[in-house]
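Please look over the chain shown here, with attention to its annotated positions and to the strands around them.

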Amino acid sequence: KRKVTTHHLAEMKQNGEKISMLTSYDFTTAGIVDRAGMDIILVGDSASNVMAGNSTTLPITIEEMIYHGKCVARATKRALVVLDMPFGSYQAGADTGVASAIRMMKETGVDSVKLEGGEEIIDTVRRIIGAGVPVMGHLGLMPQSINKYGTYGLRAKDNEEAEKLIKDAHLLEEAGCFALVLEKIPAELAEKVSKELSIPVIGIGAGGGVDGQVLVIQDMLGMNNDFKPKFLRRYANLEETMTNALQGYITDVKSGDFPNEGEQY
Ligand code: KIV
Ligand code: NA
């Protein structure tokens, strides 16, 4: 099992092989995801929501992201690991951005970082790549800017926002990003961007015309069934599976069935 590199991902795009990407935040889960054969594991700042219970990604800290990054990096042998730079760790300027990226690489053992934004952060992206850190871009719905948008609805519906997104995508490619995430934009626009760029474009709620797909693991495994956007496909109902197991345990503890003769010393 060879280690996936940014060069392999570029080859996959050239060969028309779709790229699989999924989030993980802890050692046990990341090991399962890696052994399943995922190409990219994203340690997303969605950890703020699904691990910590916040309603946005804004409160998660660089220390918390480093903790999740370390846990995932320890578990991952094959997949390329991407660590999200959290809100506040790069928006104040290129100097703090590059310092944050270096710290996140040094302290975790991940392979790359991801930042949200285009033109506004392009100098920061260039500086981070210049420091030798591979960068994945992220455009479309950018949850760290939720207070600017006011909604998690579809982005780039109008021409002005679509034109800016296309321009930003080219800027990120020119700056040297190895891949780009497009979140919650019309499929037609995402396909156009994917065709115009030579770097892989990974979509979430961006249709099938891109070079790969990413989802949040808790969402696709059915662990938070109240979250049901149109783009989400569920591959399991782990809430149901876990609830059945947990209730079985409660029943057995209450009845005295667990532990039995063979389960004690
Ligand atoms: O944090 C995250 O999980 C993400 C994906 C949704 C792309 O950025
Ligand atoms: Na994210």
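The points below go from the annotated positions to the strands and then to the domains.

This is a predicted model, in which local features need pLDDT of at least 70 and side-chain atom pairs count only at pLDDT 80 or more, while totals for chains, interfaces and linings use all residues. Residues are numbered from 1 along each chain as its sequence is written, and chains are lettered from A and ligands numbered from 1 in the order in which they are written.

**Annotated positions**

- According to an unreviewed UniProt entry, the annotation "binding site" covers Asp-45, Ser-46, Asp-84 and Lys-114; UniProt positions are given in the numbering used here, feature names are shortened, and annotations may be inferred rather than shown by experiment.
- These positions are spread over 70 residues of sequence, yet they cluster in space, with a largest C-alpha distance of 12.4 Å.

- Asp-45 lies in the loop between β2 (40-43) and α3 (47-50), where helices (H or I, at least four residues) and strands (E, at least two) are DSSP runs numbered from the N terminus.
- Asp-45 counts as buried because 28 other C-beta atoms lie within 10 Å; the term buried requires 20 or more other C-beta atoms within 10 Å of the residue's own, with C-beta atoms placed from the backbone.
- Leaving aside neighbours within four places in sequence, Asp-45 is in contact with Thr-57, Ile-60, Met-65, Asp-84 and Pro-86, a contact being two C-beta atoms, placed from the backbone, that lie within 7 Å.
- Asp-84 belongs to strand β3 (residues 80-84) and is likewise buried, with 30 other C-beta atoms within 10 Å.
- Not counting residues up to four places away in sequence, Asp-84 touches Val-43, Gly-44, Asp-45, Met-65 and Lys-114.

**Strands**

- In a regular strand the side chains alternate between the two faces of the sheet.
- In β2, Ile-40 and Leu-42 point one way and Ile-41 and Val-43 the other way, and all are buried.
- Strand β1 (residues 19-23) runs parallel to β2 and is joined to it by three bridges, with strands said to pair if DSSP finds at least two bridges between them; Thr-23 stands opposite Leu-42.
- β2 also runs parallel to β3, through four bridges, and Val-43 has Leu-83 in β3 as its bridge partner.

**Domains**

- The chain is divided into domain 1 (6-234) and domain 2 (237-265), with bounds that come from an automatic or database domain assignment.
- The C-alpha centres of domain 1 and domain 2 lie 38 Å apart.

Definitions and conventions: Buried ≥ 20, exposed ≤ 12 C-beta atoms within 10 Å, placed from the backbone.
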